[in-house]
Amino acid sequence: MDDNEFMGLALDLAREAGAAGEVPVGALVVIDGEVVGRGFNRPIGRHDPTAHAEIMALRDAATRLGNYRLPGSTLFVTLEPCAMCAGAIMHARVERVVFGARDPKTGAAGSVIDLFAEPRLNHHTAITGGVLADECGGLLSGFFAARRGRTLAA
């Protein structure tokens, strides 16, 4: 599978989050072409401010693999990681992050700040942004428009 196909799987997870009333963000961890961790936003349902999609996917992968470090892994996420998630990604030693839509309010992979490029940090993660960005962004826009009681024009 390629980046677009894995992002498609992350979008499926994001739709699960939206169906549960959470902000529709999905993430998965891949090692050697195999999905080893899945997650979607759950902070509302879990009453947990750390239950972002990336954190949930990292927790799932770490539990499955029996290791909090995930060397050689790629994290696919439908929205640019925030500072909290960027920190967790670096602590887990994720090799690469692939994200969909940019986050102009809290994005920590270049939109607001680029923690992944900070030379003073001891781990550096490669970043690929904009994969299926329109579809990822459209899912978020549609969710927030519906919460405001209006629909997007076709």
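Biologist: What makes a residue a contact of Glu 80, leaving aside its neighbours within four places in sequence?

Modeller: Contact means heavy atoms within 4.5 Å, and with those neighbours left aside Glu 80 is in contact with Glu 54, Phe 99, Ala 101, Arg 102, Asp 103, Gly 107, Ala 108, Ala 109, Gly 110 and Ser 111. This is a predicted model, in which local features need pLDDT of at least 70 and side-chain atom pairs count only at pLDDT 80 or more, while totals for chains, interfaces and linings use all residues. Residues are numbered from 1 along each chain as its sequence is written, and side-chain values use heavy atoms, with hydrogens and water left out.

Biologist: Why does Glu 80 count as buried, and why does Glu 5 count as partly exposed?

Modeller: Buried means under 20% relative accessible area, exposed over 50%, and partly exposed in between (1.4 Å probe, protein chains only). Glu 80, which is found in the loop between strand 3 and helix 4, has 2% relative accessibility and therefore counts as buried. Glu 5 has its place in helix 1, and its 43% relative accessibility is why it counts as partly exposed.

Biologist: What makes the pair formed by the side chains of Glu 80 and Ser 111 a polar contact?

Modeller: A polar contact is a pair of N or O atoms within 3.5 Å; within protein, one must be able to donate a hydrogen and the other to accept it, and residues adjacent in sequence count only if both atoms are side-chain atoms. The side chains of Glu 80 and Ser 111 make such a contact at 2.5 Å.

Biologist: How do you know that the span of helix 1 agrees with its number of residues?

Modeller: Helices (H or I, at least four residues) and strands (E, at least two) are DSSP runs, numbered from the N terminus, and the expected span of a helix is 1.5 Å times one less than its number of residues. Helix 1 has 17 residues, so it should span 24 Å, and its end C-alpha atoms are 24 Å apart, which agrees. Helix 5, with 15 residues, reaches 21 Å, close to the 21 Å expected, and helix 3, with 13 residues, reaches 18 Å, close to the 18 Å expected.

Biologist: Which residues of helix 1 are buried, and what covers them?

Modeller: The buried residues of helix 1 are Phe 6, Met 7, Ala 10, Leu 11, Leu 13, Ala 14 and Ala 17. They cover an arc of only 165 degrees around the axis (taken from the directions from the helix axis to the C-beta atoms), which puts them on the same side of helix 1. What covers them includes strand 1, strand 2, strand 3, strand 4 and helix 5.

Biologist: What covers the buried residues of helix 5, and what do those of helix 3 pack against?

Modeller: For helix 5, the cover includes helix 1, strand 3 and strand 4, and its buried residues are Cys 136, Gly 137, Leu 140, Phe 143 and Ala 145. The buried residues of helix 3, among them Ile 55, Met 56 and Leu 58, pack against strand 1, strand 2, helix 2, strand 3 and helix 4.

Biologist: What follows helix 1, helix 3 and helix 5?

Modeller: Helix 1 is followed by Gly 21, whose phi is positive, near 85 degrees; helix 3 is followed by Gly 66, with a positive phi near 70 degrees; and helix 5 is followed by Gly 149, with a positive phi near 85 degrees.
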